[in-house]
Amino acid sequence: MRACGNWRDRGPNAGPTLGSRASLVPNDASPDLVAKFILVRYALSRIGLRGVALQSQIRTAVKLFSAEELLGFNPVIEPPANDLPYQCDCGLKNQRGRTFCKQCRRRLEIKSRYRVWMGALAGTYVSGRCGILFGLAIRTFLSGYL
Ligand SMILES: [Zn+2]
């Protein structure tokens, strides 16, 4: 038996489904994980699935974070951050401004402003298409650039 088969092979008790009331988004989800759920929600909408329970859970989760936590910077008050490190090879996502990993002391690679801005723009746009406010609305995001 395969460890990870097609979802159709798992049977009716395989876990939460998109239509169930079971929580798909963990209560302690990080901003990055919430962003990944938004991508899933967007993909579902593109193939014609509604995912109402998932939508509700994402909206609840996203409210726990500020725009800076979700986007890496606050587009209303500052330019794209130039001090956001990539996740360390050890798996730790270090805080903004760190140049060495808090856990393993490796030097961290810093994201370019362009990459930070593109990620924030894409996250804001996709979440907006799903009807989810990801820190701020796309119009507000772009207002500083137009
Ligand atoms: Zn590390």
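Biologist: Where is Ser 30 found?
Modeller: This is a predicted model. In it, Ser 30 sits in the segment before H1.

Biologist: Is Ser 30 exposed or buried, or partly exposed?
Modeller: Ser 30 counts as partly exposed, because it has 13 C-beta neighbours inside 10 Å.

Biologist: How far apart are Ser 30 and Leu 64 in space?
Modeller: Their C-alpha atoms are 9.7 Å apart, while in sequence the two residues are 34 residues apart.

Biologist: Let me step back. How many helices and strands does the chain have?
Modeller: There are five helices and zero strands. Read from the N terminus, the elements run α-α-α-α-α.

Biologist: And what percentage of the chain is buried?
Modeller: Buried residues are 25% of the 146 residues.

Biologist: What about contacts between residues 24 or more positions apart?
Modeller: Of the contacts in the chain with a separation of 6 or more, they account for 53%.

Biologist: Now the packing. At what angle do H1 and H2 pack?
Modeller: The angle between helix H1, residues 31–46, and helix H2, residues 52–62, is about 155 degrees, and their axes are 10 Å apart.

Biologist: Roughly parallel or roughly antiparallel, then?
Modeller: H1 and H2 are roughly antiparallel to each other, because angles over 145 degrees count as that.

Biologist: Is the crossing of H1 and H2 left-handed or right-handed?
Modeller: The crossing of H1 and H2 is left-handed.

Biologist: Which residues meet there, H1 against H2?
Modeller: H1 brings Val 34, Phe 37, Ile 38 and Arg 41, and H2 brings Leu 54, Gln 55, Ile 58, Ala 61 and Val 62. The residues of this contact of H1 with H2 divide into seven nonpolar, one polar and one charged.

Biologist: Next pair. At what angle do H1 and H4 pack?
Modeller: H1 and H4 pack at about 45 degrees, and their axes are 9 Å apart. That makes H1 oblique to H4.

Biologist: What is the handedness of the crossing of H1 and H4?
Modeller: Left-handed for H1 and H4.

Biologist: Which residues make that contact of H1 and H4?
Modeller: From H1 they are Ala 35, Ile 38, Leu 39 and Tyr 42; from H4 they are Gly 123, Val 126, Ser 127 and Arg 129. The contact of H1 with H4 divides into five nonpolar residues, two polar and one charged.

Biologist: Ile 38 came up in both lists. What is Ile 38 in contact with, leaving aside neighbours within four places in sequence?
Modeller: Ile 58, Val 126, Ser 127, Cys 130, Ile 132 and Phe 134 are in contact with Ile 38.

Biologist: How many residues are in the largest nonpolar core, and which have the most contacts inside it?
Modeller: The largest nonpolar core has 23 residues, and Val 34, Ile 38, Ile 58 and Val 62 have the most contacts inside it. At least two residues of this core come from each of H1, H2, helix H3 (67–71) and helix H4 (113–129).

Biologist: Back to single residues. Where is Asp 32, and is Asp 32 buried or exposed?
Modeller: Asp 32 is in helix H1. With 12 other C-beta atoms within 10 Å, Asp 32 is exposed. The C-alpha atoms of Asp 32 and Leu 70 are separated by 7.3 Å, and the two are 38 residues apart along the chain.

Biologist: Last one. What is phi of Arg 105?
Modeller: Phi of Arg 105 is near 70 degrees, a positive value in a residue other than glycine. Most residues other than glycine have a negative phi.

Biologist: Where is the place of Arg 105, and is Arg 105 buried or exposed?
Modeller: Arg 105 is in the loop between H3 and H4. Arg 105 counts as exposed, with 9 C-beta neighbours inside 10 Å.

How values were computed:
Residues numbered from 1 in each chain as written. Predicted model: local features only at pLDDT ≥ 70, side-chain atom pairs only at ≥ 80, totals over all residues. Axes fitted to C-alpha atoms, helices over the stretch in contact; angles between N-to-C directions. Helix = DSSP H or I, 4+ residues; strand = E, 2+ residues; numbered from the N terminus. Parallel < 35°, antiparallel > 145°, perpendicular 65-115°, else oblique. Left-handed = near helix turned anticlockwise from the far one by under 90°. Contact = placed C-beta atoms within 7 Å. Nonpolar A, V, L, I, M, F, W, Y, C, P; charged D, E, K, R; others polar. Core = buried A, V, L, I, M, F, W, Y, C linked by C-beta atoms within 7 Å. Buried ≥ 20, exposed ≤ 12 C-beta atoms within 10 Å, placed from the backbone.
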